[in-house]
Amino acid sequence: MMDPVEIMLVTACHKGRLDPEIYDLIAFGRKLQELGGGAMGIWILGDGVDTAAQKLTEQVGLPVAVVQGEGLSHYLTETFCAVVAQEIKALQPVFVCTGHTSRGWEWAPAVAARTGAGCICGVDGLVEFQGRLCFQRDLYGGKIKGLYASSAETTVITVQPGIFKFEPPAEISPAAPVIRKDVSCPLGSSRFLGSKKAETDSTHITSAPIIVAVGNGLGDEGNMKLVHRLAKCLPRAEVAGTRILCDRGWLEYSRQVGVTGASVTPALYLACGISGASQHVVGMRGAKFVIAINTDPAAPIFNEADVCIVEDIIQFMPLMEDAFERLAKAIE
Amino acid sequence: MKILVCAKQVPELEGIAVHSDTEGMAVLENFGRFAMNRFDEFAVEQAVRIKESLEGVQVHAITVGPLQASQVLKRAVGVGCDEGIHLLTATDADPGSQAVAAWISEFAGSVEYDLVLCGAMSEDAMAGQVGPMAAALMDLPYATQVIGMDLASDLTQVTVEREIEGGAREMVNLSLPALLALQPGINRPRYPSLSNLLRANQKVFNTIATESLTSVRNPVDCLGLVLPKHSRAAQVITGSALEKASKVAAILKAKALI
């Protein structure tokens, strides 16, 4: 039996591979503890979990509950919901935290609805405000952040990946146990049929030293030529963009930067007419230098930029093109 | 077959300005035009496509919000939905995901829907919670981030493709009735047709005051707003457009990027 836990971190492990978000979750959980959280434990759902669980507890010094059973050999929201709801009812944790990933974000709100818990999705900060513990998250496309407090007995939280940085503890308490929980997990009607890798190959943008990225500010498909022309003025530059342009068919999906596209790390990221919603920003945070151009001075992309320019890209891209060409000629 | 599609009215993000007040908290200003949440347009389009591809499909659009939210129902009927249901809130304050999900599921419980569709999230609240919460309350199988769907010919099941990180996908089979939260890009939403818009203007929507539905205590409150922090230098370049372009070129040259 695990000691009572107030902060329950929930992650998955399939075919021996632990979801990497667990380290962000631990870092988040530690911050929660500093602000008065309480005892913390890790729940790993999946199959072939034992070795990974043992390694994890030795590495981080936290108790780990291994939840395995029929129905957990693949991720299915139905089984995850059933198992986590059961654990919440039995243990009444104050916080249940998981990654704000396609999976975590799928099951977390349903578990909250089923158990009467509060739910805050996409948390990227923790602060004390008006004497209460508040969870910060994006609103209005990232233009602003809301501070949310929960008065529920249990609150389910999904944590944005890549924000809270894990640091291995200086000392590991040796007694952290691994507890095996074989759950009888009722099989629902949903069936997992398999998975497949991304159909598109994004190597051209993940290896590009310069990316000219474009967003909804482009307005019209006919303006795509301005983007291509601008990219031609820069050495080995590739064109990339936000999801919305790919959805409209203006840009191939292999050139999409963001959560469901590629993560890029160029020396220069020239963000043209991109608002800067977190789904996009996640994919360009690794860029070494970012120049952002947008008509809207409140566009969140400016919070992620080294250089900010308030201009309409339709007029400004040709001006940059001229300036770059002049410079290239002068260098010659 | 009966389909319920959920659509929210949201302010257009483009023109909204943000600034700090004297206490250091953030304030939003300039709410201009309102429109159907872009993510929901894909759900509405998908519902209409199913209706067009099969015999005997009825599509109902539902929204939760103040009086003006009925505009999204007009839009939904304008692109081909049959009926509109307006769960009317007394104020324009956000009732919270818990309440919205509870009201939608309470209404949906009174009609036997085979399929409930919604968007991945809303552009303003960005929570993505209403779909999964409503599914849980209705005890329906569900999937989010759906980028492809295939209804079995006997309409007892649906096979969906979910989009996961990095563009990978996973395939899941669900029994109907089910709820699906759709990803943008699953289709290309159409514009309303003139004939449908005329029909939408005549349409009387089924309006139900949320006060007449079960009251839901929202355990999560937004206590305040703050401006996002800069993660980088955020040096603002000033001058004429021409001067700015030259400055960009100079910066690139100094960094040996050109």
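This is a short walk through a two-chain model, from the single chains to the places where they meet. Hello everyone, and please keep in mind throughout that this is a predicted model.

Let me start with chain A. It has 332 residues, and 58% of them count as buried. Its secondary structure comes to 9 helices and 16 strands. If you draw a box around the C-alpha atoms of chain A along the principal axes, you get roughly 75 × 50 × 40 Å. Now take the contacts in chain A between residues at least 6 apart in sequence: 66% of these join residues at least 24 apart.

Chain A also comes with a domain assignment, which gives domain 1 as 7-182 and domain 2 as 203-331. The centres of these two domains, taken over C-alpha atoms, are separated by 35 Å. Where they touch, domain 1 of chain A supplies 6 residues and domain 2 of chain A supplies 8. And what classes of residue does domain 1 of chain A bring to that contact? Its side has 4 polar and 2 charged residues, with no nonpolar ones.

Let's stop for a moment at one helix in chain A, H1, which covers residues 22-34. Which residues of H1(A) are buried? They are Ile22(A), Tyr23(A), Asp24(A), Leu25(A), Ile26(A), Phe28(A), Gly29(A) and Leu32(A). Just past the end of H1(A) you will find Gly36(A), with a positive phi of about 100 degrees.

On to chain B. Here we have 258 residues, of which 48% are buried. Chain B contains 6 helices and 15 strands, and its C-alpha trace spans about 65 × 40 × 40 Å along its principal axes. For contacts in chain B between residues at least 6 apart in sequence, 70% join residues at least 24 apart.

Strand S1 (residues 2-6) and strand S8 (residues 115-119) of chain B run parallel, joined by 3 bridges. Within that pairing, Val5(B) stands opposite Leu117(B) in S8(B).

Both strands belong to an open sheet of 10 strands with mixed pairing, in the order S11(A)-S11(B)-S10(B)-S9(B)-S12(B)-S8(B)-S1(B)-S6(B)-S7(B)-S13(B). Which strands sit at its edges? Those are strand S11 (191-196) of chain A and strand S13 (206-209) of chain B, each pairing on one side only. On average, neighbouring strands of this sheet are turned by 30 degrees against each other, ignoring direction.

That brings us to the meeting of the chains. In total, 85 residues of chain A are in contact with 73 residues of chain B. On the chain A side, helix H9 (residues 313-331) gives the most, with 9 residues. That side of chain A divides into 47 nonpolar, 21 polar and 17 charged residues.

The chains also pair through strand S16 (residues 307-310) of chain A and strand S15 (residues 235-236) of chain B, in the parallel sense over 2 bridges. There, Cys308(A) stands opposite Val236(B) in S15(B).

Notes: Residues numbered from 1 in each chain as written. Chains lettered and ligands numbered in written order. Predicted model: local features only at pLDDT ≥ 70, side-chain atom pairs only at ≥ 80, totals over all residues. Contact = placed C-beta atoms within 7 Å. Helix = DSSP H or I, 4+ residues; strand = E, 2+ residues; numbered from the N terminus. Nonpolar A, V, L, I, M, F, W, Y, C, P; charged D, E, K, R; others polar. Pairing = 2+ DSSP bridges. Expected span 1.5 Å × (residues − 1). Buried ≥ 20, exposed ≤ 12 C-beta atoms within 10 Å, placed from the backbone. Domains from an automatic or database assignment. Axes fitted to C-alpha atoms, helices over the stretch in contact; angles between N-to-C directions.
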